[in-house]
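This report describes one structure for a reader who has not seen it before. The sequence and the model come first, and the description follows.

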8 protein chains.
Amino acid sequence: MTSNKWMIDADDAVLLLIDHQSGLFQLVRDMDFTTLRNNVVTLAKVARIAKIPTITTASVPDGPNGPIIPEIHQSNPDAVHVPRNGPINAWDHRPFVEAVESTKRKTLLIAGTLTSICMALPALSALAEGYKVFCIVDASGNLSQMATDLTIARVTQAGAMPIDTFALMSEVMKTWDRPEAMDFAQVMVDHVVPAYGALMDFHGAAQKSAK
Amino acid sequence: MTSNKWMIDADDAVLLLIDHQSGLFQLVRDMDFTTLRNNVVTLAKVARIAKIPTITTASVPDGPNGPIIPEIHQSNPDAVHVPRNGPINAWDHRPFVEAVESTKRKTLLIAGTLTSICMALPALSALAEGYKVFCIVDASGNLSQMATDLTIARVTQAGAMPIDTFALMSEVMKTWDRPEAMDFAQVMVDHVVPAYGALMDFHGAAQKSAK
Amino acid sequence: MTSNKWMIDADDAVLLLIDHQSGLFQLVRDMDFTTLRNNVVTLAKVARIAKIPTITTASVPDGPNGPIIPEIHQSNPDAVHVPRNGPINAWDHRPFVEAVESTKRKTLLIAGTLTSICMALPALSALAEGYKVFCIVDASGNLSQMATDLTIARVTQAGAMPIDTFALMSEVMKTWDRPEAMDFAQVMVDHVVPAYGALMDFHGAAQKSAK
Amino acid sequence: MTSNKWMIDADDAVLLLIDHQSGLFQLVRDMDFTTLRNNVVTLAKVARIAKIPTITTASVPDGPNGPIIPEIHQSNPDAVHVPRNGPINAWDHRPFVEAVESTKRKTLLIAGTLTSICMALPALSALAEGYKVFCIVDASGNLSQMATDLTIARVTQAGAMPIDTFALMSEVMKTWDRPEAMDFAQVMVDHVVPAYGALMDFHGAAQKSAK
Amino acid sequence: MTSNKWMIDADDAVLLLIDHQSGLFQLVRDMDFTTLRNNVVTLAKVARIAKIPTITTASVPDGPNGPIIPEIHQSNPDAVHVPRNGPINAWDHRPFVEAVESTKRKTLLIAGTLTSICMALPALSALAEGYKVFCIVDASGNLSQMATDLTIARVTQAGAMPIDTFALMSEVMKTWDRPEAMDFAQVMVDHVVPAYGALMDFHGAAQKSAK
Amino acid sequence: MTSNKWMIDADDAVLLLIDHQSGLFQLVRDMDFTTLRNNVVTLAKVARIAKIPTITTASVPDGPNGPIIPEIHQSNPDAVHVPRNGPINAWDHRPFVEAVESTKRKTLLIAGTLTSICMALPALSALAEGYKVFCIVDASGNLSQMATDLTIARVTQAGAMPIDTFALMSEVMKTWDRPEAMDFAQVMVDHVVPAYGALMDFHGAAQKSAK
Amino acid sequence: MTSNKWMIDADDAVLLLIDHQSGLFQLVRDMDFTTLRNNVVTLAKVARIAKIPTITTASVPDGPNGPIIPEIHQSNPDAVHVPRNGPINAWDHRPFVEAVESTKRKTLLIAGTLTSICMALPALSALAEGYKVFCIVDASGNLSQMATDLTIARVTQAGAMPIDTFALMSEVMKTWDRPEAMDFAQVMVDHVVPAYGALMDFHGAAQKSAK
Amino acid sequence: MTSNKWMIDADDAVLLLIDHQSGLFQLVRDMDFTTLRNNVVTLAKVARIAKIPTITTASVPDGPNGPIIPEIHQSNPDAVHVPRNGPINAWDHRPFVEAVESTKRKTLLIAGTLTSICMALPALSALAEGYKVFCIVDASGNLSQMATDLTIARVTQAGAMPIDTFALMSEVMKTWDRPEAMDFAQVMVDHVVPAYGALMDFHGAAQKSAK
């Protein structure tokens, strides 16, 4: 079963994590900090397991935007970092676009903080160049719920596919019948569905008590 | 009056209830448990009354996802169950697709827990194969409201019709002037609009007191 | 300035108020009762002022759905009532469609309680027959916010224009420079923006104190 | 059955409506405008029916606070108005306190906009002078929900009894077996529980259809 | 371990279910209908299992308040009904107080719809006569969340103990090591914590799969 | 990098600020007053910095709608004001359209209070005449969240691009590597992201303490 | 009229602003940043106008807590700053207590970020030493709404008076008939009730148009 | 500075963690799972650092309540576990009370899932025996927000002190000037205020860039 125009083909995908910086994270008000960080780490880890090239960038990290949160490159040492000073839209920064082009892949999985800007603007630019774009809104933080609602409407209208982190992970993973299944499961329990860990403990205890 | 491209033709419809499992139900946070279970049971019962073929599946029910909630097959003994281990997207599981194809019907009514994955992925796959797809979002549970909002935008963009349980029931039922009217009414009072029962008691009491 | 395909031409419009019944009103949970009733009355009065033909219908008013709320026909004595027993979708009831057709108008302004059913199903049927349809969601009540969100997505996808009551009133009124301006203003103060009345009192007092 | 120290004795009560002015009403964000106005009118009408002396005051009505909303004195022509310029706490204004004292009553029913100030400060002052005080919080508007939560805690701690408008009306009315029962009922349907009117229509229709 | 002044002694308790009528239930906006009904039924069943005398009353059930919801007496055939016309505060109705007094018990467990009136007023009256009073707020419905917040503050200030239905059930049950344990468990699964049923299914399936 | 059909080209843009009047502002309930005013001022200042022509209009400013909030023209003395009496939709007022046409620009950035009317109607009219339209929803205030949700769906469906104020500012600014960068930064700190100012203080203090 | 035990006597009051630091402000999630900052600045300015001694302190300002927000001392140059390293509860820091004692005043007006700690702990310590304490909760920021609810309950139980910023300002100001009235008004419009400014513009325009 | 009757003296305190079991955790709806687990782990770690004896218990862990979440004893290997079958209120289980008594301490810090039962009932029992009790509500999960609100009111009324996890940690820690300061800081960053970690990264980066 191959993926279709509305779905992700992991072998054609690149993950773009844009401006997930510790200063900008303080401004986020549409999600709680822990969930946002967990979702971003999930993406970084899932991309590594699924061999999806990952590119990060940060806007003026020496200033009040702050440095990239360290968990990203710790979770995915293979991720390529493209420094950037000046352009707000990462797609306006030629080295960033070249990093994307060098992967020869045409499906972009984009998350960025702030959602309306760091995620949305590169998404709109890339769509205009023919890329297939997925916007991972719950791994992107924003100033307000209203701004997020507007951004979902805007990028969807332009043809990007809005998606949440766990859906993306599941679509990339495709099946439990693969060698890396337990690696995905660990990410799931550690980051994207922590309550699943308690459910597994519960299940294990029930089985143990039955024996 | 025949149905049109935006509406349900009950004679062409199949109901797909995907991964409504007791472990996954514990993870749901965009709806309350009772409403979700009631809506799922409503679908199972309505499908049986309206002779809409029903197919269920569950992902690894012996593990932490848990077994299908028993109310589904109790409410609709005619439902066909397709076991499944491995593929996350039920549409990637050939026996499941074959069960759908064997009905010769082309309108899919899909609910699944979790919404972003178990409902959305089969919907997107089936749309690409030309099916007419209705996504019953309030009979599907999800990790967060944000994930549900994203999923509604995603499946709608791809051409699926989002719908709620009571709308689906009403559209399938079409008229009170049919032999099974009281069967539908019973489902309505027991599950999808419980407050209607109190309204009927109220109405009956008013009429009784008037006589 | 004439209206365009996305806007209302009052001279081509018919108002359809479907199943605004006192029993069904008790079930509404996505809006508060007073606002819903005020919005429905606003539509009835505005239609009368603007000479927009108005058609009402009710489903089994002798049963637990209850009678139409009396304020509608009190506010708009010109409204035509089409009784209906059986068909859930008012558009499946031939006399109702004939009442619409007899107006020779092709723009439908539809409100109905419950939103997902009484407003949405006739909207979808009429769209398929080539009507231009506006869905007045805040003059329609529903079982839940989630059901309303799904319905807005569904009818918009099919081509209906979602609208709120005050926007509709303003679009129909078009200008304060018309003989009925004060009639519209009265509706505004009495029903759709009650706080405007206090603002007018405030303004009057300020002017009086200045003199 | 006489009332006790925690309850209202209507024969010992005075209603104080403080600073319900059209400018201040624009600032209210913890309640919607219509509900607030309806609750204030309810109090005015109920006091008149129950012969509870009513005193109003307004702070600088010629300025941006605006005039008292006219519905109050229209609803209760017997209400006494005490003009006031300067003192923020109405209890700091001697003529206001004298108006209270002249009633010889010791139970104060206080509502005021803004809640934290116009309702709370006179309540605290009166408590210190030995009055029994009821604070009608949902007939008082405030800048924020947080400010209201703080005020409820503050006045309760000081010994005032927090109460809502419908509870107050019911406690004052005491029984349906009194001559003014229908007057109270009219207030209830018109202002404090508008949905009850639809329920009465529903009930009447059910009885009529039964005959 | 005996209960103390802040806790319930089941052998000294009487359950009072006041005005849980199908018309009044339509007005409730601080809780959803299903949860309220389930909580009321829980109380009725728990009282029967624990041999706590239960007294019901209804205000003018032939009018728009509607009849008592039938589930109460169906769930607890031993409950005594005291009819009442006129007095709003049930404690102002002598036969009701006599029914309480005849039990010789001094701890009252009170739920009523509407919370601010039907639950609160009898609670305040009984406190003044020296009863120990528990107010079961989530088995009482009210017009608004604000009215409920005010009522919790009021009755607590007067000395009543606010409590939720599941806490009350647990306090009355005291231990799983008693003959009626499974009867309590059934109430828990059927009414007060429906999700617990899915957890039990999950647990059973895990144990079965382990064997 | 040039902008595309989904994005803003600042050199082709005109800013339209419609009916941001002090009376209408009192009616807004989907946003808080301070945020709305800050967003409007942000637009006025950003347009001036980026040399985007700005046109304001007001509907009957001598009446209860009140005058334009003075901050707009204080922040952007170059803005052109077009007085208007009568037409509700500013696009129905010929001098307003002529002011737009005289700029020779075809990209409209529209904000208006109330959103459903003052922002939406001109947007829909201009779209029909071939303009590219951006609707700045969080610089427009509305009567309710539901009305705003409906309006976002409506204008998006018609082809307008919904956007938030900070996204618009960022898209117009494009890069920090421009002479006016500090002017934009000042707007950001003063109005659209006030918390960023505290972050800058924090950053400066950290750097100072390190030296 | 003198103040009583539940109210503020400005001549006996000291304002304590504890740990309003730019790092800690980033953690606040029970209020929005702008409102919190405005409320703190209101307190600083009001204290100065009313000649209430003001004491600030900060915990480890060179570290991640950050420096005190500069607006405080800018708004109130008379405020005394007591540096502090180590003790979390400012009351455990002897120089801070001595600063309070040196004022000879016994009424403390306390705000602190975070509420549960920086405001609550000194409040509880001071109460035990016989001070009269007011806790200004909406000029204190906290990690969550739940933490704030718990803190209000805790400090109230211990005898502190919870209060909001505007109530405090009004209580301190007492009357508009004093020389500093316009200074207070300016604070009100600039910080604590910004919408009041628009109302004043509105009022002025109405008066102007009347002349 | 010693602690007073409203505050915690760490040397007199015992931590009681009651029924934090993986099955019961699935039922929690007043907090999110991650925050609840983090708060519970915080308590376990803080108690160990501060040498506060810790006692855990679980109700029927082999059944659907599930086992204690393993993080508790992993975080605090010194904690004593008291098994329990039968009594719902842990204080009704003699070995549990004996474990408390053996510590010779009289200040109880209690958290339990579900809040209304597992936290509240032992708190009420212990208060009656003269213990000083702190109820850590945000380290206790409950079925609904309403149930939590009622429980806060109930235990506060009985004399328990409601508190949140971070306040408790700060009160126990008292000062940064102690040998274990960095151990407390680690708990703070890892569990109770995760955003503080990003703030520290930010601060460090600012200092590094300054050098």
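## Annotated region of chain A

Helices (H or I, at least four residues) and strands (E, at least two) are DSSP runs, numbered from the N terminus. An unreviewed UniProt entry lists residues 14–165 of chain A as "domain: Isochorismatase-like". UniProt positions are given in the numbering used here, feature names are shortened, and annotations may be inferred rather than shown by experiment.

## Model and confidence

This is a predicted model, in which local features need pLDDT of at least 70 and side-chain atom pairs count only at pLDDT 80 or more, while totals for chains, interfaces and linings use all residues. Residues are numbered from 1 along each chain as its sequence is written, and chains are lettered from A and ligands numbered from 1 in the order in which they are written.

Chain A has a mean pLDDT of 96, with 99% of its residues at 70 or more; pLDDT is the predictor's confidence in each residue, from 0 to 100. The ipTM of the model is 0.96 and the pTM is 0.97.

## The sheet of chain D

In chain D, six strands make an open sheet with parallel pairing, in the order β3-β2-β1-β4-β5-β6. Two strands pair if DSSP finds at least two bridges between them. At the edges stand β3 (80–84) and β6 (161–163) of chain D, each with a single partner strand, so one side of each has no neighbour in the sheet. On average, neighbouring strands of this sheet are turned by 25° against each other, direction ignored.

Strands β1 (residues 13–18) and β2 (residues 54–59) of chain D are joined in the parallel sense by four bridges. Leu16(D) has Ile55(D) in β2(D) as its bridge partner.

## Helices across the sheet

Helix α2 (residues 33–49) of chain D lies across β1, β2, β4 (107–112) and β5 (132–136) of chain D, at about 150° to β1(D). Helix α5 (residues 115–128) of chain D lies across β1, β4 and β5 of chain D, at about 160° to β4(D). Axes are lines fitted to C-alpha atoms, for helices over the stretch in contact, and angles run from 0 to 180 degrees between N-to-C directions.

## Contacts between chains

Chain A gives 27 residues and chain B gives 28 residues to their contact. Two residues are in contact if their C-beta atoms, placed from the backbone, lie within 7 Å. On the chain A side, α6 (145–157), β6 (161–163), α7 (165–173) and α9 (194–210) each give two or more residues.

Chains B and G share no contact, and their closest C-alpha atoms are 19 Å apart.
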